[in-house]
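Biologist: I would like a close look at one part of this model, the place where the two chains meet. Please take it step by step.

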2 protein chains.
Amino acid sequence: MADDCIFCKIIRKEVPSQPIYEDHDLVAFPDIHPAAPVHVLIVPKEHMLNLNDVGKNDVALLGKMLRLSARIANEKGVAESGYRIVINNGNDGGQLVPHLHLHLIGGKPLGHKLG
Amino acid sequence: MADDCIFCKIIRKEVPSQPIYEDHDLVAFPDIHPAAPVHVLIVPKEHMLNLNDVGKNDVALLGKMLRLSARIANEKGVAESGYRIVINNGNDGGQLVPHLHLHLIGGKPLGHKLG
């Protein structure tokens with residue numbers, strides 16, 4: 001846990017959010033600046049900066065994040081229409097919050113431009 | 001394996017590519033239409049449509065894909081400057097090849113627009 005990290009504060013319930021999923025390892029909640037009708041963040045409870053910060057022991061956690069994203073896409077009704085998974089890492093990647101998180105974005109055509 | 005899938009053909013070496021990584025489960029090769037100076041695709045050898053098509057038994061494989069993306073980002077020299085991981089699923093997600101794949105994109109500022 002990092003004292004001044006906004007996602008750690010959400011995980012500790014010091015900052016309110018509207019979690020749509022929570023277990024021992026992960027929490028999921030809506031992005032407060034949605035880029036599309038469906039925009040959910042999936043966040044590991046353990047504080048890690050980004051994918052550079054994950055080790056061999058985190059492989060199962062990473063897989064669980066992706067599997068959960070597919071489950072939430074289904075629950076949100078965008079599994080068939082389609083959705084994009086994005087993980088931004090570092091400055092060039094456009095990472096805004098320095099705590100690993102996965103974006104699930106859907107509910108409108110997202111086009112093909114990736115960078 | 002799917003007979004008419006371009007990624008399956010690459011995996012079977014029926015279509016040439018320049019793999020930068022290969023093991024029993026995964027292959028990685030450059031995107032032929034790069035969106036940035038670094039644009040690598042990480043692809044499971046088993047044919048799956050997208051994240052909708054993965055089951056509980058694939059969690060380790062998904063985690064391995066993400067962990068490999070961080071390793072390749074490091075090898076390509078963009079781990080510190082930053083990079084974006086994208087998985088497009090279905091039409092709204094902008095998925096062009098119907099075989100699960102992960103984009104690793106870096107080498108330039110990618111901005112914050114996600115959808």
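Across the interface of chain B and chain A, how many residue pairs are in polar contact?

Modeller: First, the ground rules. This is a predicted model, where local features need pLDDT of at least 70, side-chain atom pairs count only at pLDDT 80 or more, and totals for chains, interfaces and linings use all residues. Residues are numbered from 1 along each chain as its sequence is written, chains are lettered from A and ligands numbered from 1 in the order in which they are written, and side-chain values use heavy atoms, with hydrogens and water left out.

Now the count. The rule finds 20 residue pairs in polar contact across the interface of chain B and chain A, both residues at pLDDT 80 or more. A polar contact is a pair of N or O atoms within 3.5 Å; within protein, one must be able to donate a hydrogen and the other to accept it, and residues adjacent in sequence count only if both atoms are side-chain atoms. Salt bridges between chain B and chain A number 0; such a bridge needs a side-chain nitrogen of Lys or Arg within 4 Å of a carboxyl oxygen of Asp or Glu.

Next, who takes part. Chain B brings 43 residues to the contact and chain A brings 43 residues, with contact meaning heavy atoms within 4.5 Å. Together the chains bury about 3600 Å², 58% of it on carbon and sulfur atoms. Buried area is the accessible area (1.4 Å probe) that two parts lose on being put together, summed over both. Arg67(B), Asp92(B) and Leu114(B) supply 21% of the area that chain B buries against chain A, more than any other three residues.

Then the strands. β4 (residues 83–89) of chain A pairs with β4(B), antiparallel, over 7 bridges. Strands are DSSP runs (E, at least two residues), helices are runs of H or I (at least four), and both are numbered from the N terminus. Two strands pair if DSSP finds at least two bridges between them. Ile87(A) stands opposite Ile85(B) in β4(B). The open sheet has 10 strands with antiparallel pairing, in the order β1(A)-β2(A)-β3(A)-β5(A)-β4(A)-β4(B)-β5(B)-β3(B)-β2(B)-β1(B). Its edge strands are β1 (21–22) of chain A and β1 (21–22) of chain B, each pairing on one side only.
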